[in-house]
Amino acid sequence: MRSIWNGAISFGLVSIPIKLVNATESHSISFRQFHTEDGGRIRYRKICELEDREVPSAEIGKGYEDTDGTIIPITDEDLSHLPIPTARTIEIVAFVPADRIDPLHLESAYYLAASGAPAAKPYTLLREALKRSNKVAIAKFALRGRERLGMLRVVEDAIALHGLLWPDEVRAPEGVAPDTEVTVNDKELDLADALMDTLGEVDMADLHDEYREALEQVIAAKAAGEAPPESPEPATGGKVLDLMAALEKSVRAARESRAGEARGAAEETAEETADAEVRELPTARRTARSQPKETGGKKSTTAAKRASGTSTTARKSTSKSAQPTKRTAAKSPAAGTTSKSTARTTARTTAKRTAKTPAESSAKATDKSTAGKSAPRKTTARKRTA
């Protein structure tokens, strides 16, 4: 930002070199005057009354007009040598709480920038001192041909200077307040408080100049040869006959407006969620997930092997169990042919059952083999007894 004034801050015996830059800017739309008959521009020219000719800026000076009309010239050099300490210095005279400054005194606003590296330390010292004390500094400074009153305060990491009006420049509010006696009851105050609470707070960053935007639309429409947009119908006003009814209606309207804003925000959120981008998985991932896992195949193969192994074991145990039965029949002369046929029948039945259910046949075969082994013992016992 371009500086408009160079000087220093006088903080006791501490001097802080600074540059003054504008903290605000105007966004208002400017108009030009023109001749309506031929469209020619209307300009203000600086004419010398004695010579009746236009004078360039280089030949124009400034001065003070005396009571008799005499012009007393005042040059920039004269102003730079004014016998005051605030000619090029912002002199701090006091520190006061911020709430002591009436906003009516606020005028223009500037930022104070440290001028050079040596100014960084004292600039930071003053800024941190203002932060810790929660106070503002009252100062005097000279700018644009006159001495002014100012207020220094901290804005983020910078020091801002607000021009203040002198106390005699602020007019008293005489004749402004109603001159009739009016009584406001508690119920009306409660409704007013409810309306204030319903309207709530506002973020200053959300506020914008609607008048300038509407004016830009009109200019754009006329430049394109189109009809300017029509203004909405103004709200029908009238005398407030029932203050209570007006307050109640205002509270209801404010609540409905807040509810509508909340619904609008919810709908916008839902639309953003619905419009969210859905990304497909890569082909390799989708194919891998759609195919059955190899682990399942291995498990089924293992189960088949286990089943076949079980049936094989069952068959072996069946054959083994059949052999002791034959041997027992051979050793037992009393059994004869009947024992052999019984053994064959038992072997065939066991084989059939083993083919149906390997696990059951294995268990049954084990039981029969046990029974077959116990039979010879009984036969032997009988032989010895005989």
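The protein chain averages a pLDDT of 74, and 66% of the residues score at least 70. The structure is a predicted model. The protein chain has nine helices and 11 strands, and 18% of its 386 residues count as buried. Among contacts between residues at least 6 apart in sequence, 61% join residues at least 24 apart.

**Confidence along the chain**

- Over residues 280–340 the pLDDT is below 50. Beyond near neighbours in sequence, this stretch has 27 contacts in the model.
- Over residues 354–386 the pLDDT is likewise below 50.

**The nonpolar cores**

- The largest nonpolar core holds 20 residues, and those that touch the most other members are Ile9, Ile18, Ile90, Leu112, Leu126, Leu152 and Leu161.
- At least two residues of this core come from each of the following elements: strand S1 (3–11), strand S2 (14–22), strand S7 (89–97), strand S8 (106–114), helix H2 (120–133), strand S9 (135–143) and strand S11 (158–164).
- Strand S9 gives the most to this core, with four residues.
- Another core, of seven residues, lies apart from the largest one; among its members are Ile101, Val136, Leu149 and Met151.
- Leu161 is in contact with Leu20, Ile90, Ser108, Ala109, Tyr110, Leu112, Phe141, Gly150, Met151 and Leu152, when its neighbours within four places in sequence are left aside.

**Val21 in strand S2**

- Val21 lies in strand S2, and it counts as buried because its relative accessibility is 6%.
- Leaving aside neighbours within four places in sequence, the residues in contact with Val21 are Met1, Arg2, Ser3, Tyr110 and Tyr111.
- Val21 and Ala113 are 92 residues apart in sequence, while their C-alpha atoms are 7.6 Å apart in space.

**The aromatic pair**

- A search of the whole structure finds one aromatic pair.
- The ring centres of Phe11 and Phe95 are 6.0 Å apart and the ring planes stand at 70°, so the pair is edge-to-face. The angle is over 60 degrees, which is the cut-off for that class.
- The pair links distant parts of the chain, with Phe11 in strand S1 and Phe95 in strand S7, 84 residues apart.
- Phe11 counts as partly exposed because its relative accessibility is 24%. Phe95, at 34% relative accessibility, also counts as partly exposed.

**Helix H2**

- Helix H2 has 14 residues and reaches 20 Å from its first C-alpha to its last, close to the 20 Å expected at 1.5 Å a residue.
- The residues Pro122, Tyr123, Leu126, Arg127 and Leu130 are buried in H2. Seen down the helix axis, the buried residues of H2 fall within an arc of 135°, so they line one face of the helix.
- An α-helix has 3.6 residues a turn, so residues three or four places apart point the same way.
- The exposed residues Lys121 and Arg132 are carried on the face of H2 turned away from its buried side.

**Helix H3**

- Helix H3 (residues 186–199) has 14 residues, and the distance from its first C-alpha to its last is 20 Å, close to the 20 Å expected at 1.5 Å a residue.
- Glu188, Leu191, Leu195 and Thr198 are the buried residues in H3. Seen down the axis of H3, its buried residues fall within an arc of 85°, so they line one face of the helix.
- Asp186, Asp190, Met196 and Asp197 are exposed on the other side of H3.

**Loop residues with a positive phi**

- Most residues other than glycine have a negative phi.
- Asn134 follows H2 and is found in the loop between H2 and S9. The phi of Asn134 is near 55°, a positive value in a residue other than glycine.
- Asn134 counts as exposed because its relative accessibility is 63%.
- Glu156 is placed in the loop between strand S10 (146–155) and S11. The phi of Glu156 is positive, about 55°, although Glu156 is not a glycine.
- Glu156 counts as exposed because its relative accessibility is 72%.

Key. Residues are numbered from 1 along each chain as its sequence is written. This is a predicted model: local features need pLDDT of at least 70, side-chain atom pairs count only at pLDDT 80 or more; totals for chains, interfaces and linings use all residues. Side-chain values use heavy atoms; hydrogens and water are left out. A nonpolar core is a set of buried Ala, Val, Leu, Ile, Met, Phe, Trp, Tyr and Cys residues joined through side-chain atoms within 4.5 Å. Buried means under 20% relative accessible area, exposed over 50%, partly exposed in between (1.4 Å probe, protein chains only). Contact means heavy atoms within 4.5 Å. Rings of Phe, Tyr and Trp (its six-membered ring) pair if their centres lie within 6.5 Å; planes under 30 degrees apart count as stacked, over 60 as edge-to-face and the rest as tilted. The expected span of a helix is 1.5 Å times one less than its number of residues. The arc is that of the directions from the helix axis to the C-beta atoms. pLDDT is the predictor's confidence in each residue, from 0 to 100.
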